[in-house]
Amino acid sequence: MYVLGVETSCDETSVSIVKDGSIVLANEVLSQIDIHKDYGGVVPEIASREHVKGITYVFDQAMKKAGIKYQDLGLIAVTKGPGLIGSLLIGVNAAKVISLNYDIPIVGVHHIAGHIYANHIEHPMEFPLLALVVSGGHTELVLMKEHYSFEKLGETQDDAVGEAYDKIARVLGLAYPGGPIVDKLAHEGKDVFDFPRPMIDSDDFNFSFSGLKSKVINTHHNLKQRQLEIIPEDFCASFQEAVTDVLVSKTIKAKTIYKVKQIIVAGGVAANSGLRTKLKNKITDVPVYFPRMNYCTDNAAMIAVAGYFQYLTNKKTDDLMLNGHSRLNLEG
């Protein structure tokens, strides 16, 4: 089955063609990073307009690269949420037009389900598995006992880990997007501040990064007020050590309790080299998988894969009333 994936939840316009849930024939991504970096973050209105400008081009490029026609498609999978509502509607409506014109069944896919299924492209899922979801808007641990069965074990009570990375980057005067830069500088500095590890010893699987973020900001402010030397590399190293300690500790605890056969990491922060290294070093009894770098960030291939398994699992499709949702529950 050829599945057309469409992803426009934030600032990437992406269309992909995936065969049988794992063979990526095309994955075209039109990024808006250069447009939004002058503002230090994504501007929703600008993102929506850029999706309108680029989506037809991305559709054409994906179909040409895959070497198929719309009539060959067996399914259309489009991100329905969560995300920026204006951006989501561009992708949803474009997908519905294709569905209507060529009489192709369509399914709306949860964005985080897409990130989780990005791992399946190279590493087939073995259940039960544990998914650590880490992105700009999400931080959660999800247990899967079978395909398309999501049980949220815990989540952030305030800031998502990716959001905290971007805030620390702004405080340190680093360029946008800040997460990859903080990760890079962390390897050049030392953990001299020993920042707190929030909720690392709690009995549940929830996270909290607001207090840690405030501690980093206040420490930076105090040094600046006292006109003492500020070494960005040390701030980045100390912050990243604290964050990854919490993420890895919670993951290990969940792994042990639920006796999973596999751990997968999903979301943009899955590209973080510090997290990758620490998880692989600390967990050796079960395999730990990460998506390829180009599948960590938002892309349509992951939506096509998730849509394929969603369709196989429940055999349900959406109609032309399909809509976008800025907030959406993963567990259904």
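This report describes the pockets, the helix packing and some backbone features of a predicted model.

Residues are numbered from 1 along each chain as its sequence is written, and side-chain values use heavy atoms, with hydrogens and water left out. Because the model is predicted, local features need pLDDT of at least 70 and side-chain atom pairs count only at pLDDT 80 or more, while totals for chains, interfaces and linings use all residues.

## Pockets

The largest pocket has a volume of about 1300 Å³. A pocket here is an open set of points on a 1 Å grid over the protein atoms alone, where a 1.4 Å probe fits, with protein on both sides within 12 Å along at least five of seven lines; lining residues have an atom within 4 Å of a point. Grid points are joined across faces, edges and corners, and the volume is the space filled by probe spheres set on the points.

The lining of the largest pocket consists of 45 residues, and Cys10, Ser135, Gly136, Gly137 and Asp166 lie nearest its centre. Two or more lining residues come from each of α4 (111-117), β8 (151-155), α5 (161-171) and α6 (178-186). Helices (H or I, at least four residues) and strands (E, at least two) are DSSP runs, numbered from the N terminus. Helix α5 gives the largest share of this lining, five residues. By class, the lining of the largest pocket has 16 nonpolar, 18 polar and 11 charged residues. In this division Ala, Val, Leu, Ile, Met, Phe, Trp, Tyr, Cys and Pro count as nonpolar, Asp, Glu, Lys and Arg as charged, and the others, Gly among them, as polar.

The second largest pocket holds about 370 Å³ of space. It is lined by 17 residues, with Lys80, Gly108, Tyr148, Gln310 and Asn314 nearest its centre. The elements giving two or more residues to this lining are β5 (106-110) and α11 (300-314). Five nonpolar, eight polar and four charged residues make up the lining of the second largest pocket.

## Helix packing

Axes are lines fitted to C-alpha atoms, for helices over the stretch in contact, and angles run from 0 to 180 degrees between N-to-C directions.

| Helix pair | Angle | Axes apart |
|---|---|---|
| α7 and α8 | about 160 degrees | 11 Å |
| α6 and α8 | about 100 degrees | 7 Å |
| α5 and α7 | about 5 degrees | 10 Å |

Helix α7 (residues 210-225) and helix α8 (residues 232-258) pack at about 160 degrees, which makes α7 roughly antiparallel to α8. Angles under 35 degrees count as roughly parallel, over 145 as roughly antiparallel, 65 to 115 as roughly perpendicular and the rest as oblique. In their contact (heavy atoms within 4.5 Å), Leu212, Val216, Thr219, His220 and Leu223 of α7 meet Phe235, Phe239, Ala242 and Val243 of α8. The residues in this contact of α7 with α8 are seven nonpolar, two polar and no charged.

Helix α8 also packs against α6, at an angle of about 100 degrees, so that α6 is roughly perpendicular to α8. Here Val182, Asp183, Leu185 and Ala186 in α6 meet Pro232, Glu233, Cys236, Ala237, Phe239 and Gln240 in α8. Seven nonpolar, one polar and two charged residues form the contact of α6 with α8.

For α5 and α7 the angle is about 5 degrees, and therefore α5 is roughly parallel to α7. Ala164, Lys167, Ile168 and Val171 in α5 meet Lys213, Val216, Ile217 and His220 in α7. The contact of α5 with α7 has five nonpolar, one polar and two charged residues.

## Backbone features

Most residues other than glycine have a negative phi, and most peptide bonds are trans. The peptide bond from Phe127 to Pro128 is cis, with omega near -5 degrees; Pro128 is in the loop between α4 and β6 (129-134). Tyr176 and Pro177 are likewise joined by a cis peptide bond, with omega about -5 degrees, and Pro177 is in the loop between α5 and α6. Asp20, a residue other than glycine, has a positive phi near 55 degrees and is found in the loop between β2 (12-19) and β3 (23-31).
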